[in-house]
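Open the model in your viewer and keep the selection panel at hand. The stops below say what to select next and what is there.

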2 protein chains.
Amino acid sequence: LSGGAPRRPGEFSLIDAFLAPFELDRGGVARRSYGVLCGPGDDCAALRVRPGMQLVATTDAVLDGVHFDLARQSPEDAGYKALAVNLSDLAAAGARPRWLLCALGVPPPQPRRPSERPSLLASRMARGMAHLARRSRCALVGGNVSKAAQWSLTITALGEASRPLSRAGGRPGDLLVLSGMLGGAALGLRELLARQPGRPLAPRFARAGPPDPLRAQLCPTPLVDAGLAAAPIASAAIDLSDGLLQDLGHLCARSGVGAVVDCALLPRLPAVARAEATSARSGAHPYALSLAGGEDYALLFAVRPRRLGALLAALGQAGSPGCPIGRLVREKGIGLEQAGRRLPLPPQRGHDHLG
Amino acid sequence: LSGGAPRRPGEFSLIDAFLAPFELDRGGVARRSYGVLCGPGDDCAALRVRPGMQLVATTDAVLDGVHFDLARQSPEDAGYKALAVNLSDLAAAGARPRWLLCALGVPPPQPRRPSERPSLLASRMARGMAHLARRSRCALVGGNVSKAAQWSLTITALGEASRPLSRAGGRPGDLLVLSGMLGGAALGLRELLARQPGRPLAPRFARAGPPDPLRAQLCPTPLVDAGLAAAPIASAAIDLSDGLLQDLGHLCARSGVGAVVDCALLPRLPAVARAEATSARSGAHPYALSLAGGEDYALLFAVRPRRLGALLAALGQAGSPGCPIGRLVREKGIGLEQAGRRLPLPPQRGHDHLG
């Protein structure tokens with residue numbers, strides 16, 4: 001007897017390279033400790049959702065040239081961010097991450113650029129993703145590889161929650177509490193795009209140190225523990241991927257309310273405050289980055305006033321302190337204030353994913 | 001108060017267009033009858049897996065120019081196939097489809113081609129996908145939209161099974177049973193590629209009539225009922241996406257066995273048998289399409305000999321009769337026979353997704 005062996009060195013060596021940082025292989029060791037009964041080396045993963053828990057599911061894609069830029073940043077950080085943006089959605093639902101599936105789009109190899117060999121890039125992307133997966137106790141259980149015009153990572157993240165938070169549930173009178181920082185990712189994007197392409201930055205996902213704009217852009221921290229801590233207390237939640245104003249607008253629309261935000265209370269990195277002050281001197285909105293910057297992956301909660309103390313205590317203990325930044329009101333629309341005075345809305349309010 | 005309304009007409013009108021065929025909107029009506037507690041108009045979907053059931057998950061992407069070709073076929077059929085290939089994976093696990101998430105890659109609009117307006121194409125893709133989703137009682141619960149260099153549909157399908165089938169579990173002596181037809185999709189691809197680009201075919205996904213190669217290529221039927229019927233009886237299963245030889249190789253590898261296939265027993269469309277006979281006259285392998293054609297989305301089961309009758313009866317009642325085509329053996333590798341005589345393996349054994 002002969003043959004039957006796979007004859008697809010390209011695809012299979014890339015899959016092996018991608019799986020290695022997850023300590024997996026195509027043989028597909030089932031990890032019972034993660035509730036994985038079968039996968040990823042099969043057609044499907046079989047998973048055990050714990051009794052009493054709801055399954056919480058989300059999908060998000062990141063693409064080269066759209067959400068990351070391999071000419072300027074490391075594939076490790078791109079892989080990290082692909083998972084981070086999905087875990088941020090689970091965090092907003094107050095769900096505990098459990099499993100992920102990842103579909104890779106892989107462009108043709110470019111023989112002149114051996115450092116961009118597809119299996120090498122895939123392995124480096126997986127390194128960043130696996131780091132965050134391990135830290136979040138989230139197991140890779142499935143995936144797909146396809147030829148494509150550009151690198152892409154489309155992740156579906158699955159989690160569990162006994163009582164998931166949603167955008168609906170806010171009421172007039174609820175207070176708005178923000179966990180995380182605003183504007184840093186947008187400022188970091190400016191820094192990134194100002195760099196010459198062709199000399200990508202070293203990976204930052206595992207680097208220690210205080211938060212800075214470039215890190216907020218390249219490897220945002222999904223606030224999973226904050227979401228878990230807030231789930232039993234908050235009335236509604238959303239993660240800020242498209243800018244505070246736009247995402248607050250979604251929460252308001254689903255909850256059937258309006259909101260007033262006090263800009264003086266918005267938590268910003270010092271570099272963001274400085275950049276906004278500089279732009280304001282040439283006529284820009286003084287909170288343009290914080291209000292509409294996008295990609296912050298902070299969490300915005302609505303909470304009944306009597307539960308504010310409990311929410312702030314829980315967020316503090318989860319390591320992601322909350323800032324009260326405003327309130328929900330009956331009248332639709334979003335109003336801005338600063339120390340009691342009305343502020344106009346900035347002209348740009350968010351991010352168009354097709355723009 | 002003013003503003004806060006989304007200012008992304010492109011993205012939101014495309015999402016609306018995509019959701020309409022599913023009878024959904026961004027308001028996100030929760031469909032309790034489908035076990036959907038929340039979604040798709042939220043960060044996450046919250047889903048209820050039934051007690052005693054395992055969650056079965058798979059992800060698969062289809063891309064324009066790789067898995068479908070909008071210059072030659074309809075967007076409806078592309079959307080249909082995107083879901084069909086995922087449901088075929090659930091079928092191989094013997095799982096009941098329940099939910100799907102769909103990430104769309106959307107290329108920039110081309111002002112000169114109004115018939116290719118992104119929201120129109122998205123709506124037409126959704127029409128094909130929603131048709132199959134409805135028929136399979138599978139609810140759209142989440143998604144994502146991103147700018148991309150080419151159209152792509154990356155679906156994660158979620159199902160339930162009390163005892164999922166996997167590729168492992170086959171033993172020497174098990175019989176191989178195939179449900180579905182071989183080689184049609186590969187022959188249909190030849191037909192499709194022989195057509196002039198720029199005059200795409202009308203949608204076929206909803207057309208009645210006997211199976212033919214073009215339909216096998218454009219809108220394969222996922223054999224969900226066959227998978228459900230076989231789940232309590234078969235010892236292992238795989239769906240045939242990359243060609244019988246390659247996928248049987250996966251089943252053998254995971255089960256730690258080899259296999260012998262009797263080519264005279266392979267179920268083929270008459271057009272496939274004719275095409276193989278013609279090619280064989282110029283020296284090609286007489287079963288090249290059936291053995292290595294790919295994209296058949298037939299199901300291959302291994303079954304203990306004493307349960308063969310039960311499996312064939314169950315498949316027949318499910319409307320997808322099974323053909324015994326060979327057996328698993330102790331010696332590794334795959335051997336081919338025809339009416340008791342050894343046949344060589346074809347030189348090409350499957351499909352490289354990066355090729």
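How many residues of the lining of the second largest cavity are nonpolar, how many polar and how many charged? The lining divides into ten nonpolar, one polar and two charged residues. Here Ala, Val, Leu, Ile, Met, Phe, Trp, Tyr, Cys and Pro count as nonpolar, Asp, Glu, Lys and Arg as charged, and the others, Gly among them, as polar.

Before going on, note that this is a predicted model, in which local features need pLDDT of at least 70 and side-chain atom pairs count only at pLDDT 80 or more, while totals for chains, interfaces and linings use all residues. Residues are numbered from 1 along each chain as its sequence is written, chains are lettered from A and ligands numbered from 1 in the order in which they are written, and side-chain values use heavy atoms, with hydrogens and water left out.

**Stop 1: the second largest cavity.** Select A:Asp42, A:Cys44, B:Ala93, B:Leu165 and B:Ser166, which are the closest to its centre among the 13 lining residues. A cavity is a set of points, on a 1 Å grid over the protein atoms alone, where a 1.4 Å probe fits but cannot get out; lining residues have an atom within 4 Å of a point. The space in this cavity is about 50 Å³. The volume is the space filled by probe spheres set on the points, with grid points joined across faces, edges and corners.

**Stop 2: the largest cavity.** A search of the whole structure finds two cavities of 30 Å³ or more, and the largest holds about 180 Å³ of space. Select A:Leu63, A:Ser152, A:Thr154, B:Ser152 and B:Thr154, which lie nearest its centre among 21 lining residues. This lining has twelve nonpolar residues, nine polar and no charged.

**Stop 3: helix α3 of chain A.** Select residues 118–135; these 18 residues reach 26 Å from the first C-alpha to the last, close to the 26 Å expected at 1.5 Å a residue. The expected span is 1.5 Å times one less than the number of residues. Helices (H or I, at least four residues) and strands (E, at least two) are DSSP runs, numbered from the N terminus. Buried residues (under 20% relative accessible area, 1.4 Å probe, protein chains only) in α3(A) include A:Leu121, A:Met125 and A:Leu132. After the helix, select A:Arg137, whose phi is positive, near 55°.

**Stop 4: a sheet in chain A.** Seven strands form an open, mixed sheet in the order β8-β10-β7-β11-β9-β12-β13. β8 (236–239) and β13 (341–343) of chain A stand at the edges with a single partner strand each, so one side of each has no neighbour in the sheet. Strands pair if DSSP finds at least two bridges between them. Select β7 (175–179) and β11 (322–329) of chain A, an antiparallel pair with five bridges. A:Leu178 has A:Cys323 of β11(A) as its bridge partner.

Technical notes: On a 1 Å grid over the protein atoms alone, a cavity is a set of points where a 1.4 Å probe fits but cannot get out, and a pocket is an open set with protein on both sides within 12 Å along at least five of seven lines; lining residues have an atom within 4 Å of a point. Buried means under 20% relative accessible area, exposed over 50%, partly exposed in between (1.4 Å probe, protein chains only).
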